[in-house]
Amino acid sequence: MARITYETRKDWQNYHLTLTNDIDDYGIFDREEEGCCAKGSPLSGPELFRATRGPLHDYIAKAVKDRVAAGMIGRAWSFAPLAGSNRRELDLTGLQGCTRATAADLHPDCSDAPEDVAFVRGGTTLRCLVEWAKNLSPRRSIMTSGTHLGPTVAGGFGTASHGSRLGFGGLQDMVMGMHLITGEKESVWIEPARAPVLSGAAASRFATRIIRSDAMFDDALIHLGGMGIVNGVALRLAPYHSYNVLAVVHPLWPDWEAQVEQGRFREIAAQLGHDDDPAFYEVTIDPFDNDGTRDAIHLMYFIAPPGLLPPDGGDGTPLPHAGDSIAGFAKELVRRKSESEAHGLWPEGFSAFSYYKGLVREFYGAFTLPITPASPALGWEHLHRDVVTGNAPGALYNASYAIRRDEVGRALPLILSAARDLEPAFLNTIRFVTRPSGTLAFTRFEETAVIEIDGLSDNLPDALPDEVPDEARAWGVFTKTGAMKIRTEFDLNGIDYSMHWAKLGQLDAPKVERDFGPRDDPASPIGRWRATRTALLAPEARAVFVNDALRTYKLVP
Ligand SMILES: Cc1cc2nc3c(=O)[nH]c(=O)nc-3n(C[C@H](O)[C@H](O)[C@H](O)COP(=O)(O)OP(=O)(O)OC[C@H]3O[C@@H](n4cnc5c(N)ncnc54)[C@H](O)[C@@H]3O)c2cc1C
């Protein structure tokens, strides 16, 4: 039987140490007797969701009775105070489980085959999901994820988290329908009318209300913890592929900006040495490129040809992304500074970018050109790690700004200009998202480029107390300042941008209103999101589902 137990957590901290809170009632959702999530559940999809709704209704009833706000926590990977900011919170990492749909579960108009539709509980981590899916017959995987597989499904898609799968949206674009626990006794199955998923009989096994509406589904997707508890989702699985990897350090060439802006990614691949359509592309640039060398680290994945599977290069060696390099960079910086005679000055030529470049050369060494059928190839589960390298997440400051892809050329010099006069404590990675779903997706352009800022955080000494001295807090100021200066440059130069809901960069109510408002206009994205929230939540539950981020952004009254 699923249940919730409560304890008190003084000085609770989120993963990135950006939020500390005394949580008087820290609920822990437990369904342990069901065993390892990655093995899959013996329950049918409707029974999987039915089995966990009871304690979630009780959680809401208790909050209503006590007249308190009550939050939900996934892996608490959000830097922003979306999770863990209330005095009562529910840790939903135990709300795990996956099972496949059957033909009887599906709506007659569902165009997906049952083997491509999974029932996935909200607290399931992406790691668990991919491990479960790869053992299905035929094997399955997911279309996209962020850099790591640590986040939960509900926390990931509910903040419009994304990777850089070309021609695809964010995590929310894998979601076909949602089961939201919305009151003491009420719960909703919501799916788009344009693409119905579940039969009424299947959905009514676990939900008290069924909504088929394109607009309401789109509104509820980017839930930000404000639309009730995500008990589970129907999720579209992807065919299983192995991917060839191209990881090269190569300066940007004169046509690069035009190729990116026009989505000519195959030409970029060809220029880098492999003439094929990439499935994934991200590029890391050096914002401290004072000499105009335009040095860049390019990472691409290509679907490996079917048939004879190439050797799996997944020997457990971590394949780092830019954010993974920061803890190691900090430690090396401490070492170099202590060795440096010019103590107190930044070690000459040493930067976040140069350190990551070294890591790429070291860890991606097996992936050489040319890519042939004999080249190593990795499944999605091997391409991504669970946690940041060194598991010292507080070391990392991260902000993400979404811009129109066709403004990348205009944005690049502004990013460099923002870094001027700062120390090289951070780097920038650009990733791509196409036509993402969700009314409040911060990746709100038809073709979006997301500028990531990864760098040293001022929490560094807390994350690595034995290795980093307290004075190192000052290094985090460079990253923070760099992130803010990019915003200023974009504002001054008319680059339209939105900010990742779950990350840093001082997102506030006026910025949210500029991007998604006006707040009081029922036709604006905020107005529509709020109206759907009101329609979904039982009246007594509306004051329950709030958190500090929603309050700060004035998304809730
Ligand atoms: C190392 C690292 C790498 C990252 N990489 C990327 C990346 O590549 N791309 C990207 O876009 N983002 C990235 N992020 C951000 C990350 O994807 C988001 O912060 C995401 O929300 C984390 O998921 P979580 O399970 O930790 O959710 P949490 O942070 O715990 O919660 C996020 C929100 O979802 C709500 N919530 C959680 N579970 C439920 C539930 N079951 N029902 C209802 N509401 C719920 C919470 O209340 C909160 O409002 C990264 C973060 C880290 C730490």
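**View 1. Lys-554 in the segment after helix 16 (548-552).** The model is predicted; local features need pLDDT of at least 70, side-chain atom pairs count only at pLDDT 80 or more, and totals for chains, interfaces and linings use all residues. Residues are numbered from 1 along each chain as its sequence is written, and side-chain values use heavy atoms, with hydrogens and water left out. Helices (H or I, at least four residues) and strands (E, at least two) are DSSP runs, numbered from the N terminus. Lys-554 is not a glycine, yet its phi is positive, about 55°. With a relative accessible area of 46%, Lys-554 is partly exposed (between buried, under 20% relative accessible area, and exposed, over 50%; 1.4 Å probe, protein chains only).

**View 2. Arg-435 in the loop between strand 18 (426-434) and strand 19 (447-456).** Arg-435, also not a glycine, has a positive phi of about 40°. Its relative accessibility of 49% makes Arg-435 partly exposed. Most residues other than glycine have a negative phi, and most peptide bonds are trans.

**View 3. The cis peptide bond from Ser-137 to Pro-138.** Omega for this bond is near -5°. Pro-138 sits in the loop that runs between helix 2 (126-134) and strand 7 (140-141).

**View 4. The cis peptide bond between Gly-517 and Pro-518.** Here omega is about 0°. The loop holding Pro-518 lies between helix 14 (509-516) and helix 15 (525-536).
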